[in-house]
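Hello,

Here is the structure we talked about. Please look it over, then read my notes below.

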Amino acid sequence: MNHRFLKLVLLGLAVSAPAIPAAIAAPGDSRAPKKLMQRWSADAPDPGAGLPGWSSKAPDIHVHQPRMQSPIPVAEIDLLRRRAMVAFDALMQQPSLRDVRGTSVQADINISVVPTIDGVRLVGAIFSLRAKSVIEGNADTVPRDGRYITTSEEAAVLNVFLNPYDMMARRQVQAEGVEDGSLQVRTGSAYGLYVADTLPDYDPDSEYAWGPRPLAMQLQNDRSWYQPGSAGVHPLLVHMSSYSQENDDLRSDRLNPERPAARLAAAMFMTDWEEVRRRMKAVR
């Protein structure tokens with residue numbers, strides 16, 4: 001199937017994308033920085049200072065078809081896209097990402113065949129929000145749809161992995177605890193959490209409480225997100241990161257709550273990911 005035809009198919013399918021009318025509120029995460037949450041958890045928090053920032057009305061969709069293997073079927077692409085849209089709708093309804101000021105937010109969905117250590121064919125999808133500072137007076141600050149984006153700024157990134165095999169197999173992921181049905185994880189100072197039908201064993205009192213590699217070996221055979229009826233646990237990993245100093249400042253609650261990274265972190269902490277995952281599973 002050529003890329004032009006695939007693009008037309010996806011544009012037609014995008015019309016029927018499900019919408020979530022209200023934010024999905026989280027039960028809470030004990031790691032959430034208190035000052036950050038106080039800033040964004042009010043009933044109607046002020047959107048912040050600065051120029052009104054541009055935000056994606058819908059994610060851009062990027063399908064990376066393999067060159068030497070059979071293509072990813074359109075039905076699998078569409079199911080992953082519609083399920084990722086549930087995360088987009090939930091996050092963009094959170095107070096820190098509504099009517100953003102001083103920050104722009106770009107949304108993307110990337111779908112590709114993920115190389116695995118054992119050579120298993122696995123299709124993965126990553127939904128991403130990339131948040132950048134909008135700097136008034138900067139030569140690279142340009143209008144877009146009546147709002148603004150500073151194109152040269154570096155972005156903080158929130159990723160939602162529909163099957164985080166690659167993260168677990170290739171990154172130094174550490175566990176921090178289990179709370180409200182989620183495994184709290186980190187990469188360095190960057191926050192993350194893992195939710196699934198069944199969580200991996202985690203014993204905080206053990207010398208080797210948890211390691212990501214055994215989970216990766218299981219996830220390379222998990223097709224539950226894109227092949228209905230397949231065995232699997234519908235694994236979801238949410239991960240938010242900026243450059244290392246901002247990650248450290250966020251973890252110590254020193255980061256300005258209106259910084260792009262802080263806005264993404266607040267949205268991550270204020271979203272009920274188990275409910276998001278339940279709604280994703282309900283998409284057929």
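Helix α3 passes helix α8 in a right-handed crossing (right-handed means that the near helix is turned clockwise from the far one by less than a right angle, left-handed anticlockwise). This is a predicted model: local features need pLDDT of at least 70, side-chain atom pairs count only at pLDDT 80 or more, and totals for chains, interfaces and linings use all residues. Residues are numbered from 1 along each chain as its sequence is written, and side-chain values use heavy atoms, without hydrogens and water.

The axes of α3 (residues 74-92) and α8 (residues 273-282) come within 8 Å and cross at roughly 145°. Axes are lines fitted to C-alpha atoms, for helices over the stretch in contact; angles run from 0 to 180 degrees between N-to-C directions. Helices (H or I, at least four residues) and strands (E, at least two) are DSSP runs, numbered from the N terminus.

On the α3 side, the contact (heavy atoms within 4.5 Å) is made by Arg83, Ala84, Val86, Ala87, Ala90 and Leu91. α8 brings Trp273, Val276, Arg279, Met280 and Lys281.

Now the sheet. It is open, has 8 strands and mixed pairing, and runs β1-β2-β3-β6-β10-β9-β8-β7. Two strands pair if DSSP finds at least two bridges between them. β1 (60-64) and β7 (174-179) are the edges; each has a single partner strand, so one side of each lacks a neighbour in the sheet. Neighbouring strands are turned by 20° against each other on average, direction ignored.

β1 pairs with β2 (residues 103-114) in the parallel sense over 5 bridges. There, His64 has Ser112 of β2 as its bridge partner.

Best wishes
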